[in-house]
Amino acid sequence: MHHCTVTLESPLPYHAPSSHPIFSPPLHPRHFILPFSPPKTGGLHRRHHSVFTCKGIQLSVPSHGSASLVPSNGNGAAIHDWKLRSVGLKSIDVATLGNLCVDIVLNVPKLPPRSREARFAYTQELSKSPPDRKYWEAGGNCNMAIAAARLGLHCSTIGHVGDEIYGQFLLDVLHEERISMVGMSEDDDIVDSSSASYETLLCWVLVDPLQRHGFCSRADFSKEPAFSWMSKLSGEVKVAIKQSKILFCNGFGFDELSPGLIMLALDYAVDVGTSIFFDPGPRGKSLVTGSPEERQALRHILKMSDVLLLTSDEAESLTGIGNPILAGKELLKNGIRTKWVIVKMGSRGSILVTTSSISCAPAFKVNVIDTVGCGDSFVAAIAFGYIHNMPLVHTLAIANAVGAATAMGCGAGRNVATLDKVTELMRASDMKEDDEFWSELVKDLDTEEITFLSKMVINGRNIQVNHIALQKVVSELLPKLENRWLEGKVVS
């Protein structure tokens with residue numbers, strides 16, 4: 001047995017227990033938690049009460065090509081499901097699918113070893129003594145949901161948490177952030193609620209003295225997803241998907257849910273006109289070489305997603321193409337519903353590729369403290385721009401700002417960017433520019449339109465590229481964000 005000595009030091013500021021009352025009686029995670037209504041206040045209480053009551057939109061969203069409300073089943077017959085006919089509005093902006101976990105964030109002398117056996121022993125050693133609550137943080141898709149809620153989007157999480165203290169902790173955090181939760185498990189699921197396979201998934205987030213990160217969870221050492229006993233969508237889950245404008249899924253969802261169940265959820269989203277966002281993340285590489293079921297699910301999701309979000313490395317691993325713009329075009333070409341491919345370029349910025357245009361936005365200059373949660377926060381802002389039909393380069397600008405604002409803090413979960421930090425960063429308008437890099441990236445491209453976010457616009461710099469001044473974009477974005485708080489809703 002490989003023995004490790006672990007020093008439990010939290011790199012995060014201590015979070016006192018929530019001032020919100022514990023649900024009484026305790027709220028069972030299988031229950032469908034209806035969306036919360038925000039408090040009516042005249043002030044700008046931006047930290048905790050960041051979800052507004054949406055009026056909803058019609059199911060058809062022509063600007064993004066959503067599917068029909070009553071799709072055909074192949075022989076022309078409409079789907080016979082009373083739930084499809086009974087809900088006419090989409091009152092939830094974003095629902096996340098799976099990947100609900102509690103992060104245990106610890107400072108350690110060194111990161112876990114690479115070998116599977118040694119990592120397993122390391123994780124077992126960590127698990128011997130339950131860490132103090134001050135080391136806990138909401139993780140996984142909670143990061144994206146919290147960031148989106150703080151932008152004013154009405155959010156819901158779909159997934160599974162156990163009955164133990166970690167599950168209750170996640171429910172408390174989601175409640176505090178005004179995010180609803182829909183449990184995926186049902187009473188007839190064949191599993192003992194006292195067994196380890198029913199428990200909330202824990203992820204050990206380990207930070208070494210050089211601020212490098214390592215991650216361990218029980219899902220790393222199992223051939224089956226953590227909740228492989230779930231095999232169908234409940235009625236409550238279907239209602240939540242149907243009422244959502246966007247369903248977000250990432251590659252880590254495969255650690256919890258079976259490929260078949262994920263495909264069921266995404267196919268249902270297509271049927272009811274819900275847009276699908278997919279971010280394969282680091283799991284994308286392993287899915288490419290995974291089981292036949294995983295490979296089939298990955299191909300299906302890549303084809304059926306409306307918006308794909310991935311890093312330049314992930315884009316290359318999925319397409320074999322090194323140029324991120326050309327890789328994005330390849331993913332668009334192979335997709336059936338794909339409208340946007342967004343490539344996250346890290347400290348350089350981001351790119352949004354459509355069939356007829358390319359938009360590029362350099363990153364904001366910030367003092368980076370911790371990059372955990374930056375990608376999730378970025379996705380939340382892309383969802384904001386998508387829902388509000390914002391110009392593409394504006395969408396990238398706010399996404400870069402939200403991701404950068406998160407990087408200025410320490411950790412994810414409740415430490416992701418607040419609206420105050422985002423607007424402060426945008427007002428400063430301090431953006432990195434590397435003309436040589438971007439010029440090389442877009443040269444010789446055969447495309448109808450290239451839009452580039454710049455600190456300033458110099459007439460005639462490049463007749464191929466349409467330069468948009470950052471200050472102009474910021475001046476148009478800030479009133480939308482600020483008026484949302486003054487009026488109690490997002491201005492579209």
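Me: Why is cysteine 249 called buried?
Reply: Cysteine 249 has 1% relative accessibility, and buried means under 20% relative accessible area, with over 50% being exposed and anything in between partly exposed (1.4 Å probe, protein chains only), so cysteine 249 counts as buried. A word on the source: this is a predicted model, where local features need pLDDT of at least 70 and side-chain atom pairs count only at pLDDT 80 or more, while totals for chains, interfaces and linings use all residues. Residues are numbered from 1 along each chain as its sequence is written, and side-chain values use heavy atoms, leaving out hydrogens and water.

Me: What makes cysteine 155 buried or exposed?
Reply: Happy to say: cysteine 155 has a relative accessible area of 1%, so it is buried.

Me: How many disulfides does the structure hold?
Reply: There are 0 disulfides, a disulfide being a pair of cysteine sulfur atoms within 2.5 Å.

Me: Which residues is valine 94 in contact with, leaving aside its neighbours within four places in sequence?
Reply: Contact means heavy atoms within 4.5 Å, and for valine 94 the partners include Cys155, Met144, Ile246 and Ile387. Valine 94 is also buried, because its relative accessible area is 1%.

Me: Why is serine 305 called buried?
Reply: Its relative accessibility is 0%, so serine 305 counts as buried. Beyond its neighbours within four places in sequence, serine 305 is in contact with Ile276, Phe278, Arg337 and Thr338.
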